[in-house]
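Subject: Structure handover

Hello,

The structure we discussed is below, with its sequence. My notes on what was found in it follow.

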Amino acid sequence: AAAPTVSAGAAASASRAEAGPRRGCAAVLERARGFAAGSAPSMGHGHGHGAPSEAETIAVTFHEKDGSETTVRAAIGHSMLEVAHRNDIELEGACEGSLACSTCHVIIDDQAVYDALPEPDDDENDMLDLAFGLTETSRLGCQVIAAKELDGMTLSLPRATRNFAVDGFVPKPH
């Protein structure tokens with residue numbers, strides 16, 4: 001009897017399944033797609049299509065380190081780290097969202113909003129353990145993804161971060 005054949009696509013899917021859960025950016029995007037289901041579509045990667053319309057964004061207020069408050073529009077599907085960088089809000093993100101630091105630590109000001117977010121995974125919790133000023137509603141900004149259900153959310157930025165690589169380094173978004 002001939003051995004059954006497997007298509008290249010099926011073999012790739014099987015090999016990804018055997019590799020275990022996705023980590024880093026791939027995991028963030030996978031969770032964002034699931035969490036934002038039913039919300040306005042993602043804006044993609046920003047290739048000159050102009051600013052997102054209000055229907056494709058939510059309002060997010062950042063309480064900054066200096067005590068000032070900044071309200072911005074966040075595109076559905078984008079992380080709060082990306083939103084902060086695009087709006088010149090001082091949220092470090094030394095690892096650029098790869099779950100390798102805690103410098104994008106934010107505090108969700110409303111417990112109900114915090115409860116509406118997907119649970120942090122083990123990788124995020126490990127990094128949060130290193131965060132300065134950890135609270136019960138702390139999350140990493142790279143893991144908080146804009147979704148319609150979060151419209152009006154308020155985030156506070158801790159007064160300091162712990163960057164074990166280069167203290168004070170602020171990477172430029174790409």
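A cavity here is a set of grid points where a 1.4 Å probe fits but cannot get out, and a residue lines a cavity if it has an atom within 4 Å of one of those points. Please keep in mind throughout that this is a predicted model.

Cavities

The structure has 2 cavities of 30 Å³ or more. In the second largest cavity there is about 30 Å³ of space. Its lining is made up of K65, E90, L91, E92, T103, H105, P158 and T161. One of these lining residues, H105, also belongs to strand β3, which covers residues 105–108.

β3 is covered on both faces. H105 and I107 are buried on one side, and V106 and I108 are buried on the other.

Which strands pair with β3? One is strand β4 (residues 138–140), which is antiparallel to β3 and joined to it by 3 bridges. Within this pairing, R139 of β4 stands opposite V106. Strand β5 (residues 153–156) also runs antiparallel to β3, with 2 bridges between them. Here I108 has L155 of β5 as its bridge partner.

T57 in strand β1

T57 lies in strand β1, which spans residues 57–63. Is T57 buried or exposed? Its relative accessibility is 7%, so T57 counts as buried, the cut-off for buried being under 20%. The T57 side chain also makes a polar contact, at 2.9 Å, with the side chain of R73.

The chain as a whole

The chain contains 5 helices and 5 strands. Read from the N terminus, the order of elements is α-α-β-β-α-β-α-α-β-β. The chain has 174 residues, and 40% of them count as buried.

How much of the contact set joins residues at least 24 apart in sequence? Taking contacts between residues at least 6 apart, the share is 67%. The pairings of β3, at residues 105–108, with β4, at residues 138–140, and with β5, at residues 153–156, are given above.

Regards

Notes. Residues numbered from 1 in each chain as written. Predicted model: local features only at pLDDT ≥ 70, side-chain atom pairs only at ≥ 80, totals over all residues. Heavy atoms only, no water. Helix = DSSP H or I, 4+ residues; strand = E, 2+ residues; numbered from the N terminus. Buried < 20%, exposed > 50% of the residue type's maximum accessible area, 1.4 Å probe, protein only. Polar contact = N/O pair within 3.5 Å; in protein donor to acceptor, adjacent residues only side chain to side chain. Pairing = 2+ DSSP bridges. Contact = heavy atoms within 4.5 Å. 1 Å grid on protein atoms, 1.4 Å probe; cavity = no way out; pocket = protein on both sides within 12 Å on 5 of 7 lines; lining within 4 Å. Points joined across faces, edges and corners; volume = space filled by probe spheres on them.
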